[in-house]
Amino acid sequence: MASCVNSPAMTLCPPCVSPSKSLCCSISFNKSVSRSSFSSTRNALLCLRRKQTATSFQITALAAEAAAEEAEPLRIIISGAPASGKGTQCELITQKYGLVQISAGGLLRAEIDSGSENGRLAKEFMEKGELAPDEILVTMVKEALSKQNGWLLDGYPRSLSQATSLKRFGFEPDLFILLEVPEDILIDRVIGRRLDPVTGKIYHLKYSLPETEEIAARLTQRFDDTKEKVKLRLKTHNRNVRDVLSMYRDITVTIKGNCSKEEVFGQIDMALTKLVKQGKTSTSRSLAG
Ligand SMILES: Nc1ncnc2c1ncn2[C@@H]1O[C@H](COP(=O)(O)OP(=O)(O)O)[C@@H](O)[C@H]1O
């Protein structure tokens, strides 16, 4: 990268694009001024270092900010059978790591709610416990991912064809999290699962009761959360999971999902912390205009 050149003929200081070296280096440290005066945090840092008037604390703060700007954002896939705890863990991951969650099931339910033809068709498959057709979902996911430079992809890909198209579009995850839970527990979790349509919070009639009578009265059940439908969904999951895993073998972390949500998150957190230490940044920035 170009730097301040110590020459009398020099009138432009490249790193900060200030009209002269003396002006550039006379800018005193003030976060709000410096961020807007320099073309990037890294350039501001270079000039402050050269001027040698900023405190080491100021330099350290700017260095951390510059590193975060330059680090690669995290790209995570979370996978697992129905009710394996993907949604719960996504909430904890987004809270701590600031990633944007993109949920395949959520995208499909929004499409159904919109009343579109695609939504109507997707619902037919979902009611049978089958995967929605690629023609509907692949483009929806591609568009959602294209708007983010870091993401947490939930419930996608669920088939070899989806995994292959994701790769073809250039979406390469850093980590593939697989949650594993015994089937009898999954069925129990699905049957008792309820949604508060007002807050979006998920409850369970045995394991996570609503806080008030008022909330209890308004809880709803997902149309595909019945015993017979979950058995079909499990069949679909078991039929596809090995193919999908074969695409991500080197980056897969398998986590036992049959313990408390805090314990499950502890294991996920360890894997994510390792990636952050390797230079991945924990915040995703929107690429949308
Ligand atoms: N990647 C996907 N490809 C095709 N259909 C999907 C995909 N993700 C979700 N669906 C459909 O939406 C339903 C609900 O998915 P989701 O909300 O993720 O819940 P769960 O993980 O509990 O099955 C699935 O049973 C399936 O019919």
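Predicted model: local features only at pLDDT ≥ 70, side-chain atom pairs only at ≥ 80, totals over all residues.

Biologist: How many helices and strands does the protein have?

Modeller: The protein has 13 helices and 9 strands. Buried residues make up 29% of its 289 residues. Sequence distance is also worth a look. Take contacts between residues at least 6 apart in sequence: 69% of them join residues at least 24 apart.

Biologist: Which strands pair with β2, and in which sense?

Modeller: β2 pairs with β4 in the parallel sense, over 4 bridges. β2 also pairs with β5, residues 175-180, in the parallel sense over 5 bridges. Ile-77 stands opposite Leu-153 in β4. Gly-80 has Leu-179 in β5 as its bridge partner.

Biologist: How do I read the two faces of a strand?

Modeller: In a regular strand the side chains alternate between the two faces of the sheet. Now look at β4, residues 151-154. Trp-151 and Leu-153 are on one side, and Leu-152 and Asp-154 are on the other. These four residues are all buried, so both faces of β4 are covered.

Biologist: Asp-154 is a charged residue. Why does Asp-154 count as buried?

Modeller: Burial here is a neighbour count, and the cut-off is 20 or more other C-beta atoms within 10 Å. Asp-154 counts as buried because 23 other C-beta atoms lie within 10 Å. Beyond four places in sequence, its contacts include Ile-78, Lys-86, Cys-90 and Gln-101. Ile-102, Ser-103 and Ala-104 are also in contact with Asp-154. For a distance, take Ile-177, which is 23 residues away along the chain: the two C-alpha atoms are separated by 9.8 Å.

Biologist: Is Ile-136 buried or partly exposed?

Modeller: Ile-136 is partly exposed, because it has 19 C-beta neighbours inside 10 Å. Ile-136 is found in helix α8, residues 134-146. Leaving aside neighbours within four places, Ile-136 is in contact with Asn-118, Leu-121 and Ala-122. Asn-118 is 18 residues away along the chain, yet the C-alpha atoms of the pair are separated by 6.4 Å.

Biologist: How do I find the buried side of a helix?

Modeller: An α-helix has 3.6 residues a turn, so residues three or four places apart point the same way. In α12, the buried residues are Val-230, Arg-233, His-237 and Val-244. What covers them includes β2 (75-80), α9 (160-168) and α10 (183-192).

Biologist: And how do I judge the course of α12?

Modeller: Start with its span. α12, residues 227-248, has 22 residues and reaches 31 Å from its first C-alpha to its last. That is close to the 32 Å expected at 1.5 Å a residue. Then look for bends. α12 has a kink of about 40 degrees, centred on Val-241.

Biologist: Last, the ligand. How many residues surround it, and which are the closest?

Modeller: 17 residues surround the ligand. The closest are Pro-82, Ala-104, Gly-105, Leu-131 and Gly-155. By class, the shell has 10 nonpolar, 3 polar and 4 charged residues.

Biologist: Which helix supplies the largest share of that shell?

Modeller: α6 does, with 3 residues. α6 (104-114) and α7 (117-127) each supply at least two residues of the shell.

How values were computed. Residues numbered from 1 in each chain as written. Near = placed C-beta within 6 Å. Expected span 1.5 Å × (residues − 1). Bend = angle between axes of the 7 residues up to and from the residue. Buried ≥ 20, exposed ≤ 12 C-beta atoms within 10 Å, placed from the backbone. Contact = placed C-beta atoms within 7 Å. Pairing = 2+ DSSP bridges.
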